[in-house]
Amino acid sequence: MTVTPPITIARDTLLALLTTEFTADGFLITGDKLHKSLGHDGQTRIGVSPIQEIPWQKDNNVALISLLVQFYGAWEARIDPELQVDPDAVEVYAERFKRRLQGNDPDVATAWYFNLADIVYPEDPTGNITRFEAKVTTYGTNTSLVATTG
């Protein structure tokens, strides 16, 4: 018997949305958590990984699923205190991500609804802003329920 957890389906759907939006840019997209050093080789990478899956307080039949999206832009692997990197580029990529997440995506068949919980802009290893991380939530079936009879 093959079992696909709801969190895996949600992550795969989110990966499909990201692939539709960013493949033409040549970015590498993976279903894994990214190491903080990535981007040093000049290649922008995007990763999607699970954060948590908990029962929804309003309905225990539903699970609240949280996923992490990491967009790690390319950065130069040398420390230069004078180097300035304008965060405009990563802000535009974050905006594209937000817009792709909104509403229906005609290129991806999905019944999933995603909520953007937050976007943060952590520094790359040189101290510049070339990346964003987003927490995305959605709802799925709570498969941890145990039916009892009595």
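Two rings of Phe, Tyr or Trp count as an aromatic pair if their centres lie within 6.5 Å. In this predicted model, a search of the whole structure finds 9 aromatic pairs.

**Stop 1: Trp56 and Tyr139.** Select both. Their rings form a tilted pair, 5.1 Å centre to centre, with 55 degrees between the planes. Trp56 lies in strand S2 (residues 45-56) and Tyr139 in strand S5 (residues 131-141), so the pair ties together parts 83 residues apart in sequence. Trp56 is partly exposed, at 27% relative accessible area. Tyr139 is partly exposed too, at 38%.

**Stop 2: Phe71 and Phe132.** Here the ring centres are 5.0 Å apart and the planes meet at 5 degrees, so the pair is stacked. Phe71 sits in strand S3 (residues 59-72) and Phe132 in strand S5, so this pair links parts 61 residues apart in sequence. Are Phe71 and Phe132 buried or exposed? Both are buried.

**Stop 3: Tyr72 and Arg131.** Look at the face of the Tyr72 ring. Arg131 lies over that face, 3.8 Å from the ring centre.

**Stop 4: Glu21.** Move to helix H1 (residues 6-22), where Glu21 lies. Its relative accessible area is 16%; the cut-off for buried is under 20%, so Glu21 counts as buried. Which side chains does Glu21 reach through polar contacts? One is Arg96, at 2.8 Å. Another is Arg100, at 2.9 Å.

Methods
Residues numbered from 1 in each chain as written. Predicted model: local features only at pLDDT ≥ 70, side-chain atom pairs only at ≥ 80, totals over all residues. Heavy atoms only, no water. Helix = DSSP H or I, 4+ residues; strand = E, 2+ residues; numbered from the N terminus. Buried < 20%, exposed > 50% of the residue type's maximum accessible area, 1.4 Å probe, protein only. Polar contact = N/O pair within 3.5 Å; in protein donor to acceptor, adjacent residues only side chain to side chain. Phe/Tyr/Trp six-rings, centres within 6.5 Å; stacked < 30°, edge-to-face > 60°. Lys NZ or Arg CZ within 6 Å of the ring centre and 35° of its normal.
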